[in-house]
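Please look over the sequence and structure below, and then read the report that follows, which moves from single residues to the whole protein.

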Amino acid sequence: DLWNEDFFMNKTLRVTPDINTQGSLIGELVGCLVLAYIIIYFSAWKGLKSTGKMVYITCLLPYFILTIFLIKGLTLEGCGTGLKFLFIPDWEIVGKTETWLASAIQILYSSGVAFGPLMYYGSARKKTDQIVGASFWIPLANSATSIYAALTIFAFLGHVSVTKDIPIDKVATSGPTLLFVAFPSLLAMLPGAHFFSIIFFIMCVCLGVDSVFGFFDYYIQMAEDAFPMLKTKMRKEVQVLCITIFSFIWSLMFVVEGGLHNFDLFDANAGHIQLLVCLFLQTLFIPWIVGMDKMSTLIYLRTGQYVPIFYILVIRIFVPIFSFIILIIAIVNEFADTDGRAAKGWNQGHIWGARLIWLIPLVAMVIMIFIPLKGVESFESLVENQYGIKFKENKTFLQKLYMNQAEFDVVNE
């Protein structure tokens, strides 16, 4: 069987009938989890500098592997069927709100926009880095990588469709099945399948580690900002160890026999409405409350480049509107998709328990608005201290809408 989904679901994961049957821990998966967190610990314990060096390996290796797979996939019978299915849209599906919601959340995940670690890594850049150019090329490279990976998998899916005489829309898959069933089937077609299987799953480990240790750095920095005494009272290695142990214990729910059901429930809520709320608030705070003309001027003072006016218009107008629409769609779908949840065996306890994942942070964020924080400087104060300037407030609303320069007085040479 080319797919052999039974091996993954029943022999590896030992999936239970539904989420209400959790079963016991799976020893082999617990061992793999321990090994994964050991790798993550030693990748992250020295902080951002060692993490940056690791990224050269963890980011470049997947491109090498994908290239090998793509070359092989394009030689398979029926690859054109898969590529045709990839690039010719089904307008009925494109018109569904679920498609746009899934696309928006996926691009947030892959780009890191609205996630805390992205802002943390931004603060670690050199002050003179040309961020205007990077803000264009990085999203472009991100989307190009997604298309590159899609070419690989859909070439293979077209081959399966033709050789098995199965409609392509029935073959296309996603989620864990794509990674652990479809891709291994492609590996079996390569000369030296065992070697490439090892390389492929090393790549998967690299991608997983790459995602996790970025958050570890962020958690540590956030804790040190909130509790400055940690910098002197607890070594970095100990902080990473505490986070690693906590994360390992939390992850045990995914390596029980009902772990795949727990994963589906968590995946549906962990990066959901709260992520879209963060994105929407950022699109209000930076372009409108702070002002893109001020941000563009600050960037110019460091790098010699203003933010292009086209960027200003997109960030001020299109992005907030699009973010708001997607957020509304997410909220409506969250309370409308009762049949889909019932089909997965989720009861009201499961649904509302999972909703707490995003409800608690949102409620806490609202409460924090009314709690005065000592020692937190205003934006104007930070600009004055770091740049030695004070912005003038003399623009009309229309000028603020499109201008990429702000007038200022020098208060500290």
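## A loop residue with positive phi

Arg 14 is partly exposed, with a relative accessible area of 32%, where buried means under 20%, exposed means over 50% and partly exposed covers the range in between, with a 1.4 Å probe and only protein chains considered. Arg 14 is located in the loop between helix H1 (5-12) and helix H2 (27-44); helices (H or I, at least four residues) and strands (E, at least two) are DSSP runs, numbered from the N terminus. The phi angle of Arg 14 is near 50°, a positive value in a residue other than glycine.

This is a predicted model, in which local features need pLDDT of at least 70 and side-chain atom pairs count only at pLDDT 80 or more, while totals for chains, interfaces and linings use all residues. Residues are numbered from 1 along each chain as its sequence is written, and side-chain values use heavy atoms, with hydrogens and water left out.

## Overall form

The protein has 20 helices and two strands. For 413 residues, a compact globule would have a radius of gyration near 22 Å, and the 24 Å of the protein agrees with this; the radius is taken over C-alpha atoms, and the globule rule is 2.2 Å times the number of residues to the power 0.38. Along the principal axes, the C-alpha atoms fill a box of roughly 75 × 50 × 45 Å.

Of the 413 residues, 35% count as buried. The protein exposes about 24300 Å², of which carbon and sulfur atoms supply 69%, by the Shrake-Rupley method with a 1.4 Å probe, where for residues only the protein chains shown count as cover. Among contacts (heavy atoms within 4.5 Å) with a separation of 6 or more, 75% are between residues 24 or more positions apart.

## Nonpolar cores

A nonpolar core is a set of buried Ala, Val, Leu, Ile, Met, Phe, Trp, Tyr and Cys residues joined through side-chain atoms within 4.5 Å. The largest such core has 22 residues, of which Phe 69, Ile 153, Phe 156, Phe 183 and Phe 200 touch the most other members. The elements that give two or more residues to this core are helix H3 (48-73), helix H8 (131-164), helix H9 (168-171), helix H10 (176-187) and helix H11 (193-226), and the largest share, six residues, comes from H8. A second, separate core of 20 residues includes Tyr 37, Ile 40, Ile 243 and Leu 260.

## Aromatic pairs and charges over rings

A search of the whole structure finds 15 aromatic pairs, in which rings of Phe, Tyr and Trp (its six-membered ring) have centres within 6.5 Å, and planes under 30 degrees apart count as stacked, over 60 as edge-to-face and the rest as tilted. The pair of Phe 136 and Trp 137 is edge-to-face, because the ring centres are 5.0 Å apart and the planes stand at 80°. Phe 136 is partly exposed at 40% relative accessibility, whereas Trp 137 is exposed at 56%. Phe 280 and Phe 324 form a tilted pair, 5.5 Å centre to centre with 40° between the planes. Phe 280 lies in helix H15 (residues 273-303) and Phe 324 in helix H16 (residues 309-336), so this pair ties together parts that are 44 residues apart in sequence.

Ring pairs also link Phe 8, Phe 69, Phe 180, Phe 200 and Phe 201 into a cluster. A charge sits over a ring if NZ of Lys or CZ of Arg is within 6 Å of the ring centre and within 35 degrees of the ring normal. Arg 302 lies over the face of Tyr 387, at 4.3 Å from the ring centre, and the charged end of Arg 316 sits over the ring of Trp 288, 4.6 Å from its centre.

Leu 275, in helix H15, counts as buried at 6% relative accessibility. Leaving out residues up to four places away in sequence, Leu 275 touches Leu 108, Ala 114 and Phe 115. His 350 belongs to helix H18 (residues 348-369) and is buried at 18% relative accessibility.

Val 162, in helix H8, is partly exposed at 35%. Its contacts, apart from neighbours within four places in sequence, are with Glu 77, Gly 78 and Thr 81. The C-alpha atoms of Val 162 and Gly 82 are separated by 9.3 Å, although these residues are 80 residues apart along the chain.
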